[in-house]
Amino acid sequence: MSITLDSLEVGQELARTTVALNRADLVRYAGASGDFNPIHWNDRFATEVGLPGVIAHGMLTMGAAVQLVTDWIGDPTAILDYQTRFAAMVPVPDPAGSAPDQADGAQLSVVASVGKLDAAAGTVRVDLLVTLGEEKVLTKSQAVVKVAQA
Amino acid sequence: MSVNADLQGRVYPPAPPYSVGREGIRAFAAAVKATHPVHSDLDAALAAGHADLVAPPTFAVVIAQNAEGAYIQDPESGIDFARVVHAEERFTHHRAIVAGDQITATVSVERARAVGTGGMVVTRTELVGADGEPVTTVLSTLMVRGED
């Protein structure tokens, strides 16, 4: 499969998915990233600092969202630049009676579309719309991706 | 306490080299649900032309955040870490990070602005390989909430 610039147009939707994050996902990311801020794993601490409860690492949301771009282009190293703003927190529920590693968790919707085409550079800017319910979680979430020349 | 704007422009000494390992890449890929085989399957990575397992697009944050501590935890910075909110992040990749890399990260204070008892800072972390060539540039924006 080869994606070429001339097959793309600005505004075109490329892919969409749902990313689910539960408490076990947060612990796994804490361990893998070395970010052990207790707001991401301890409800008591999180509420004491004014949060609604444990929230996801912004970097976990950013890291998980870009997988949609990797799946679309088929090569993670084609992503030359990736940026985002963290617009809203992602509370991660811990429903009574659930196994923490099997709970549905927070359901993030991720939609990738073409933001900009750069024929000279051979790149497409893929814009990611990441929402939790009606709320935008990431804004100005943009991945610059190298594509094959036509 | 508020953000010390005088530190804008300061460059901190590089953090000790970070050794990128296969298991570290596999663990990070699993954590961000990055399922492409070049992150976990050595044969797939080699077949795709890479020297070793390839780190996912946001793996550089692990190296950068470690290095940013030199500034964030500097008593002179005026940053109360308990009040820090991550506002923006950007990765510009000059080449892929692969297992076996020895990466040196140097943090500079791109912007530091006091707002009341808090403020806003932007750090720029340059990741450089053992050959001295650039690997990734990481820009991170932190808001520091004012005291209530």
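This is a predicted model: local features need pLDDT of at least 70, side-chain atom pairs count only at pLDDT 80 or more; totals for chains, interfaces and linings use all residues.
Colleague: What makes up the secondary structure of chain A, in helices and strands?

Modeller: Chain A has four helices and five strands, in the order β-α-α-α-α-β-β-β-β along the sequence. Residues are numbered from 1 along each chain as its sequence is written, chains are lettered from A and ligands numbered from 1 in the order written, and side-chain values use heavy atoms, leaving out hydrogens and water.

Colleague: And what pattern does chain B follow?

Modeller: Chain B reads β-α-α-α-β-β-β-β, with three helices and five strands.

Colleague: How do you know which residues of chain B are in contact with chain A?

Modeller: Contact means heavy atoms within 4.5 Å, and 29 residues of chain B meet 32 of chain A that way. Putting the chains together buries about 2400 Å², 59% of it on carbon and sulfur atoms; that is the accessible area (1.4 Å probe) lost by the two parts, summed over both. On the chain B side, Ala31(B), Lys33(B) and Pro57(B) lose the most, together 21% of what that side buries.

Colleague: Why is the pair Lys33(B) and Asp25(A) called a salt bridge?

Modeller: The rule wants a side-chain nitrogen of Lys or Arg within 4 Å of a carboxyl oxygen of Asp or Glu. Their side chains meet at 3.1 Å, N to O, so the pair qualifies. Three salt bridges are found across the interface.

Colleague: Which elements of chain B touch chain A?

Modeller: α1 (22-31), α3 (60-72) and β2 (84-93) of chain B each supply at least two residues, and β2(B) gives the most, with eight.

Colleague: What makes Val27(A), Phe36(A) and Trp41(A) a patch?

Modeller: A patch takes residues with over 30% relative accessible area and no salt bridge, joining like charges within 9 Å and nonpolar side chains (Val, Leu, Ile, Met, Phe, Trp, Tyr) within 5 Å. These three form a nonpolar one on the surface, with about 340 Å² of accessible area together, by the Shrake-Rupley method with a 1.4 Å probe, counting only the protein chains shown as cover. Phe36(A) sits in the loop between α1 (23-33) and α2 (43-48) of chain A.
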